[in-house]
Amino acid sequence: MMIPPLSEGCSQASLNREALCADTSTIEQHPMPLKSGFSLLEMDKKLIREHAIQIRDALFGCTTEVQVEASAAFARYLSKVGINQDNYWLFMRLLMTNNPWVVDELLHDREPRLLFSTILPTKELIDAAFEALFSRHPDEIYVPALLAFLGIIQNAYFDPDDGYRLRRITIMDINALGKFLLKNEGQDHPLNALILDILDRLSQIGRYYPEPDKNILSQQAFSVRYAYFDKTRDLVDAIPEPLLVRVPDRLGVPPEEDYQELAKKRKERRRDARGRFVKEKP
C-alpha cells in the first residue's frame, strides 16, 4: 500500500482547515434570522391564515366544553381591551355565538344595549344585527345578546330618516323586531321598552322626508306597537304567525364544572372603580 508523502497529507489537512474556516465565516456572516417586529407579525398572520379553521372553531364554535372555555377566555380578554373601531366585529361575532358564558364574559358589567354606542353605525353592522334577529325565534336568543343587537338598531334609527338613508329598512325587519315583544309583560320591561322605543321612532319615518315606501313602513311599525298595547288584539294580528313561534331555550353547551365555579367566584368577588379585584382579608 502506498503511503502519501507527508507534504501531501499536510496540504490536504490545510485545505480541510481552510474549508472549515470558510464555512464558519459564512455562518457568522449569515446567521439564521431571528423573527422579530414586522417579520414576526407577518409570520403570525401566515400562521393564522393557515390554521384559520382551527382558530375559528376554538373561538366561535361553542359546540364542546373546551371550545366554550376557549371562547369565554378570549371574550374576557377582549372585554378587558375594550371595544373600538378596530375590534368591534370580534365583539359582534362573539355575541352571535349566543352562548351565555361567552356573552357574560364579553359584556362583564356593561349595559348590553350600550355596547356599540361608541361605534359609528354602518350598513354592514346593521345588516348583522338584523340577521341575528332573523336567525332565531323568540326565547332562543340570550337576552343580554339580544339587547346588544337591539342597541345597534336603536342607535342607527334614532333619527329614522337618517337611518333609512344608511340602510333601507323593510317590513320583515319591523316584524323581526316585533316578534320579541313580550305581550304578557309591561311596557317598562327592559326588552319591551327598548323594542317599543325603536318601533315608535320607525313609525315616524318619512315625517320630514316623505316617500310612499316610508309611509308603508311607518304604518307597519305603528300596527305592531298597537297590537302590543291593545288588549283586544294579539301580536299575530300584525306579525306573521310563524315568526312568533316560541322555541324552547337552546343556549348551547356549558363549560366544564371547574370553569363554571371559577367564573362564579369571579363574579362574587368585589372590584374597585376600575374593575380590578379588591384584595380580600383572609
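**A helix held inside**

Reply: Let's start with helix H10 (residues 171-178), where six of the eight residues are buried, so this helix is largely enclosed by the rest of the structure. Please keep in mind that the model is predicted. The buried residues of H10 are Asp 173, Ile 174, Asn 175, Ala 176, Leu 177 and Gly 178. What do they pack against? The buried residues of H10 pack against helix H7 (123-134), helix H8 (143-156), helix H11 (190-202) and helix H12 (212-229).

The protein chain has 13 helices and zero strands. Of its 282 residues, 37% are buried. Among the contacts with a separation of 6 or more, 71% are between residues 24 or more positions apart. The chain exposes about 17700 Å², and carbon and sulfur atoms supply 57% of that area.

Now back to the surroundings of H10, this time by way of charge. Side chains of opposite charge can pair when their charged atoms come close. Arg 167 and Asp 127 meet in a salt bridge, at 2.5 Å from N to O. Arg 167 lies in the loop between helix H9 (160-166) and H10, and Asp 127 in helix H7, so the pair ties together parts that are 40 residues apart in sequence. Arg 167 is buried, at 11% relative accessibility, whereas Asp 127 is partly exposed at 27%.

A second salt bridge joins Asp 139 and Arg 246, with their closest N and O atoms 3.0 Å apart. Here Asp 139 sits in the loop between H7 and H8 and Arg 246 in the loop between H12 and H13, so this pair ties together parts that are 107 residues apart in sequence. Both partners are partly exposed: Asp 139 has a relative accessibility of 41%, and Arg 246 has one of 39%. Salt bridges that share partners also join Lys 123, Asp 127, Arg 167 and Asp 173 into one network. Asp 173 is one of the buried residues of H10, which brings us back to the helix we began with.

The count of salt bridges comes to 10. Glu 50 is partly exposed, with a relative accessible area of 48%, and Lys 46 is partly exposed at 42%. Helix H2 (residues 37-50) also holds Leu 40, which is partly exposed at 33% relative accessibility. Together with Met 43 and Leu 47, Leu 40 makes a nonpolar surface patch of about 220 Å².

Moving on to H13 (residues 257-268), we find Tyr 259 there. Is Tyr 259 buried or exposed? Tyr 259 is buried, with a relative accessible area of 12%. Leaving aside neighbours within four places in sequence, Tyr 259 is in contact with Glu 69, Ala 72, Ala 73, Glu 105 and Arg 266. Tyr 259 and Glu 69 are 190 residues apart in sequence, yet their C-alpha atoms are 7.4 Å apart in space. H13 also gives the largest share, four residues, of a negative surface patch. That patch is formed by Glu 65, Glu 256, Glu 257, Asp 258, Glu 261 and Glu 268. Glu 65 belongs to helix H4 and is partly exposed at 36% relative accessibility.

Helix H4 also contains Gln 67, a buried residue with a relative accessible area of 17%. Beyond its neighbours within four places in sequence, Gln 67 is in contact with Asp 57, Ala 58, Gly 61 and Cys 62. Cys 62 lies in the loop between helix H3 (52-61) and helix H4 (65-81) and is buried at 10% relative accessible area. Most residues other than glycine have a negative phi. Cys 62, however, has a positive phi near 55°. Asn 98 also has a positive phi, of about 60°, and is found in the loop between helix H5 (88-95) and helix H6 (100-107). Asn 98 is buried, with a relative accessible area of 3%.

How values were computed
Residues numbered from 1 in each chain as written. Predicted model: local features only at pLDDT ≥ 70, side-chain atom pairs only at ≥ 80, totals over all residues. Heavy atoms only, no water. Helix = DSSP H or I, 4+ residues; strand = E, 2+ residues; numbered from the N terminus. Buried < 20%, exposed > 50% of the residue type's maximum accessible area, 1.4 Å probe, protein only. Contact = heavy atoms within 4.5 Å. Areas by Shrake-Rupley, 256 points an atom, 1.4 Å probe, with all protein chains shown as cover. Patch = residues over 30% accessible without salt bridge, like charges linked within 9 Å, V, L, I, M, F, W, Y side chains within 5 Å. Salt bridge = Lys/Arg side-chain N within 4 Å of Asp/Glu carboxyl O. Lys, Arg positive; Asp, Glu negative; His and termini not counted. Charge placed at Lys NZ, Arg CZ, Asp CG, Glu CD.
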